[in-house]
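Here is a short tour to read alongside your viewer. Let's walk through the spaces inside the protein and the elements around them.

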Amino acid sequence: MQIIRLEDYLYLVDLETGGIENFIASYILKGKQAAIIETGPTLSVPNLLSSLKQLKIQPENVAYVAVSHIHLDHGGGVGTLIKHLPKAKVIVHPRGASHLVNPEKLWQQSKIVLGEITKIYGEPEPVPAGRIIPAVDGVTFDVGNGITFKVVETLGHASHHVSYYEPLSYGVFTGDAAGIYLPEIDVIVPTTPPPFHLNVALESLDKLVRLKPKVLYYSHFGKAEDAMEKLQAYVQQIKLWERIAKEGVQRGEDLEAVRKRIIENDEGVKKASKYLITHKVLSETTLRESIQGFIDFVKKEKESQK
Ligand SMILES: [Zn+2]
């Protein structure tokens, strides 16, 4: 586990989930109290707790644990984490809350979709309903010393997804709304598993662009300075994927054929494909689930136009 100080008041923790570096980040805002943005999954919660210790943050001083959405790699660890944080409230989109209170269905569903990857993540533990605060668009949370973060509802990747805006650095904690950033090779790849809603995702990206952020804090992974360029490039990239998926569906291609053409036509993914293919998790999620999300989306669009 590695801690990187991004600002006087902001830290990135590389959770090293499953021993994988530069994969899942958690962010800690430290004012008079502290807030944790993204917990990562259950099995890397011990790493997150030891980073709190290293930063000399007392468990009872953590006021908020905010997640972008409930997928295991973002919010799977909340239930386990807050057992150690007696005063922390959990901030989550209202549509995600019930799945944190009763995570059984989420866990079963994740095992079907992610298979072996769930062994790297671990089973989520329930969150007491009384500790949840709904993440309503526009609401700001304050941890003192002028450190705040604001909910920005960014649906599309999921129907219960939010990002958080941090005004001091003009930064956005994007969750999965702006893709997966691979800092080693400076490439973004889509994270668009089914049921993916492209139109909604594009509206959310537009919303983020209108904030004119300077910095993005990706959950996968890390800080990127050229926020506007990154957001705009992601918009173009998912439009390209849509075009390729549409052609594929028209020609009756399978997932493998669509994937091949995406790798051929998307410079970033071409550059990233070696990295992705050997990655324990991203090989499955990005090159399989994210492409399936587009195929399902364009099929549904086609159906609705009949
Ligand atoms: Zn997700």
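## The largest cavity

The lining of the largest cavity has, by class, 7 nonpolar, 5 polar and 1 charged residues. For these classes, Ala, Val, Leu, Ile, Met, Phe, Trp, Tyr, Cys and Pro count as nonpolar, Asp, Glu, Lys and Arg as charged, and the others, Gly among them, as polar. The model is predicted: local features need pLDDT of at least 70 and side-chain atom pairs count only at pLDDT 80 or more, while totals for chains, interfaces and linings use all residues. Residues are numbered from 1 along each chain as its sequence is written, and side-chain values use heavy atoms, with hydrogens and water left out.

About 70 Å³ of space lies in this largest cavity. It is lined by 13 residues, and His157, Asp176, Ala177, Phe196 and Ala201 are the ones nearest its centre. Helix H7 (198–210) and H8 are the elements that give two or more residues to this lining, and H7 gives the most, with 3 residues. On a 1 Å grid over the protein atoms alone, a cavity is a set of points where a 1.4 Å probe fits but cannot get out, whereas a pocket is an open set with protein on both sides within 12 Å along at least five of seven lines; lining residues have an atom within 4 Å of a point. Grid points are joined across faces, edges and corners, and a volume is the space filled by probe spheres set on the points. Helices (H or I, at least four residues) and strands (E, at least two) are DSSP runs, numbered from the N terminus.

## The second largest cavity

How many cavities of 30 Å³ or more does a search of the whole structure find? There are 2. The second largest cavity has a volume of about 50 Å³. Its lining includes Ile70, Val78, His99, Leu100, Leu106 and Glu125. Helix H3 (78–82) and H4 are the elements that give two or more residues to it. By class, this lining divides into 7 nonpolar, 4 polar and 1 charged.

## The two largest pockets

Now for the open spaces. The largest pocket holds about 790 Å³. Of the 32 residues that line it, His71, Leu106, Val113, Pro193 and Pro194 lie nearest its centre. Helix H2 (72–75), H4, helix H5 (104–114) and helix H11 (282–305) each supply at least two lining residues, and the largest share, 6 residues, comes from H5. The classes here are 14 nonpolar, 13 polar and 5 charged residues.

The second largest pocket has a volume of about 170 Å³. Among its lining residues are Asp186, Asp226, Glu229, Lys230, Tyr234 and Asp266. Strand E13 (187–189) and helix H8 (227–251) each supply at least two residues, with H8 giving the most, 5 residues. This lining divides into 4 nonpolar, 2 polar and 5 charged residues.

## The seven-stranded sheet

An open sheet of 7 strands has the order E1-E2-E3-E4-E5-E6-E7, with mixed pairing; two strands pair if DSSP finds at least two bridges between them. Its edge strands are E1 (2–7) and E7 (132–134), each pairing on one side only. Within the sheet, E2 (residues 10–14) and E3 (residues 25–30) run antiparallel and are joined by 5 bridges, and Tyr11 stands opposite Ile28 in E3.

Two helices pack on this sheet. Helix H1 (residues 45–54) touches E1, E2, E3, E4 (34–37) and E5 (62–66), and its direction makes about 30° with that of E3. Helix H4 (residues 94–101) touches E6 (89–92) and E7, and its direction makes about 130° with that of E6. Contact means heavy atoms within 4.5 Å. Axes are lines fitted to C-alpha atoms, for helices over the stretch in contact, and angles run from 0 to 180 degrees between N-to-C directions.

## Two packed helices

Helix H9 (residues 255–265) and helix H10 (residues 267–278) pack at about 105°, with their axes 5 Å apart. That makes H9 roughly perpendicular to H10; angles under 35 degrees count as roughly parallel, over 145 as roughly antiparallel, 65 to 115 as roughly perpendicular and the rest as oblique. Ile262, Ile263, Glu264 and Asn265 in H9 meet Glu267, Val269, Lys270 and Ser273 in H10.
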